[in-house]
Amino acid sequence: MALGAVIGVLLGLLGGGGSILAVPALVYVLGLSFAQAIPLSLIVVGLASAVGALPKIRHRQVQWRLVAIFTLTGMPATVVGTTIGKHLPQNVLTVGFALIMVIAGVRMLRGADSTGTACQLTDGRIDWRRCAGRSIPVGILVGLLTGVFGVGGGFLIIPALVLLLGVEMPTAIGTSLLIITANSAAGVVSHLGTPIDWSIAAAFAAPAILGSLLAGHWGVRLDTRRLNRWFAYLVFVVAAYLILDTCLNALPG
């Protein structure tokens with residue numbers, strides 16, 4: 001399925017962003033409810049992120065300590081977020097997801113070309129004590145968003161790693177993909193009681209995995225700044241449609 005391939009390519013190139021399109025695609029293209037779409041999104045995004053991270057691991061473009069910090073805080077938060085999301089009405093989930101899309105789009109337009117040094121010592125090494133204090137709140141927030149909305153949170157992880165913690169972009173992408181994988185796995189486990197259409201999951205996951213693997217392998221040669229910009233515009237359009245559709249459905253017959 002073409003949408004699955006697009007999701008995988010975005011994950012492989014940008015270290016996130018795929019789930020921003022996965023949930024709306026499952027809802028508006030396949031006619032699923034948000035409750036059905038969220039666990040499917042987590043399965044597809046989790047698998048594609050895991051495969052997309054393989055080239056980064058081979059090239060040693062992963063900061064394993066940050067993966068540990070983000071996952072140890074993010075996975076429990078994902079379980080909590082899942083519980084919260086199951087009790088929210090469909091229109092609240094839709095509008096909330098649209099707002100998350102707007103935030104993600106703004107972040108993409110701002111870019112992350114510069115690298116912060118907030119957690120670096122004068123010799124270039126990372127001050128892990130300081131980094132842990134800055135990473136934990138972000139890890140918790142990303143986990144909550146993953147559980148409530150089924151998003152991987154790459155649009156928050158990447159700027160946190162690059163601008164706040166001083167991680168180089170290629171390493172930030174590999175690190176982000178592993179964090180998304182772990183949080184998605186926690187979200188899927190939290191949704192085990194929800195009926196899942198495994199044929200749809202397979203139809204989305206297979207091309208997403210292939211797209212992520214190819215993008216992760218070849219993406220190091222591409223300038224992703226233009227892709228970021230156009231993807232942000234697409235995100236704004238989809239977010240506007242989500243809000244408009246929710247408002248129209250809320251009108252009396």
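Trainee: Does valine 188 count as buried or exposed, and at what relative accessibility?
Mentor: This is a predicted model, in which local features need pLDDT of at least 70, side-chain atom pairs count only at pLDDT 80 or more, and totals for chains, interfaces and linings use all residues. Residues are numbered from 1 along each chain as its sequence is written, and side-chain values use heavy atoms, with hydrogens and water left out. Buried means under 20% relative accessible area, exposed over 50%, and partly exposed in between, using a 1.4 Å probe and protein chains only. Valine 188 therefore counts as buried, at 18%.

Trainee: Which residues is valine 188 in contact with, leaving aside its neighbours within four places in sequence?
Mentor: Valine 188 is found in helix α8, residues 169-190; helices (H or I, at least four residues) and strands (E, at least two) are DSSP runs numbered from the N terminus. With contact meaning heavy atoms within 4.5 Å, the residues are Pro39, Leu42 and Ile43.

Trainee: Why is α4 called roughly parallel to α8?
Mentor: Axes are lines fitted to C-alpha atoms, for helices over the stretch in contact, and angles run from 0 to 180 degrees between N-to-C directions. Angles under 35 degrees count as roughly parallel, over 145 as roughly antiparallel, 65 to 115 as roughly perpendicular and the rest as oblique. Helix α4 (residues 64-86) and α8 have axes 8 Å apart and pack at an angle of about 30°. That makes α4, relative to α8, roughly parallel.

Trainee: Is threonine 82 buried or exposed, and with what relative accessible area?
Mentor: Threonine 82 sits in helix α4. Leaving aside neighbours within four places in sequence, threonine 82 is in contact with Gly147, Val148, Gly187, Ser190 and His191. Threonine 82 is buried, and its relative accessible area is 2%.

Trainee: How many of the residues of helix α7 are buried?
Mentor: Helix α7 covers residues 154-164 and is mostly covered. Among its buried residues are Gly154, Phe155 and Pro159. Just after α7, glycine 166 has a positive phi of about 80°. The count of buried residues in α7 is 8 of 11.

Trainee: What percentage of residues 91-109 is helix?
Mentor: UniProt, in an unreviewed entry, lists 91-109 among the spans with the feature "transmembrane region"; its positions follow the numbering used here, feature names are shortened, and annotations may be inferred rather than shown by experiment. The end C-alpha atoms of residues 91-109 lie 27 Å apart. The span is 0% strand, and its helix content is 100%.
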